[in-house]
Amino acid sequence: QVQTVESGGGLAQAGDSLRLSCAASGFTSSRYNMCWFRQAPGKEREFVAAIRWSGTGTYYADSVKGRFTILRDNTRNSVYLQMNNLKPDDTAVYYCAADRRTYYSGSFSDTETTYKYWGQGTQVTVSS
């Protein structure tokens, strides 16, 4: 089955750090720009961060810039999201996905329809 498998979520307090992992299953993630989105209760899924297929460029939503870092290890077919200084507003289910285009070097997209191979997500809950 072609999908991503997210893990690493959990309960945290404001100011804590968490590291999410995304393992590509059934496809080679090194061919694709990869991204993280999140969906809070009652809200639409929103873009969080993206990383170039080569690992040489990243792009962040303003709400997480300076606090979150997206990383990838192509030898492990995996992508990560290092989340520091967590806030209650970061509470959401976090999803990983791959760009529909291979080896794309144009501008990053923050649009959900750009991406495919969505996983089941991992829950992050931040208390104040």
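Q: Before we start, what counts as a disulfide here?
A: A disulfide is a pair of cysteine sulfur atoms within 2.5 Å. Keep in mind that this is a predicted model.

Q: Good. How many does a search of the whole structure find?
A: The search finds 1 disulfide. C22 is joined to C96, with an S to S distance of 2.1 Å.

Q: Where do C22 and C96 sit in the chain?
A: They link distant parts of the chain, being 74 residues apart. C22 belongs to strand β3 (residues 18-25), while C96 belongs to strand β9 (residues 92-102).

Q: And is that link left-handed or right-handed?
A: The link of C22 and C96 is left-handed, with -75° about the S-S bond.

Q: Are C22 and C96 buried or exposed?
A: C22 is buried, and C96 is buried too.

Q: Why does C35 count as buried?
A: C35 counts as buried because its relative accessibility is 0%, and buried means under 20%.

Q: Switching to the backbone: what is phi of N77, and where is that residue?
A: Phi of N77 is near 55°, a positive value in a residue other than glycine. N77 is found in the loop between β7 (68-73) and β8 (78-83).

Q: Nice. And what is phi of Y117?
A: Y117 is also a residue other than glycine with a positive phi, near 60°. Y117 lies in the loop that runs between β10 (115-116) and β11 (122-127).

Q: Why is Y117 called partly exposed?
A: Y117 has 22% relative accessibility, so Y117 counts as partly exposed.

Methods. Residues are numbered from 1 along each chain as its sequence is written. This is a predicted model: local features need pLDDT of at least 70, side-chain atom pairs count only at pLDDT 80 or more; totals for chains, interfaces and linings use all residues. Side-chain values use heavy atoms; hydrogens and water are left out. Helices (H or I, at least four residues) and strands (E, at least two) are DSSP runs, numbered from the N terminus. Buried means under 20% relative accessible area, exposed over 50%, partly exposed in between (1.4 Å probe, protein chains only).
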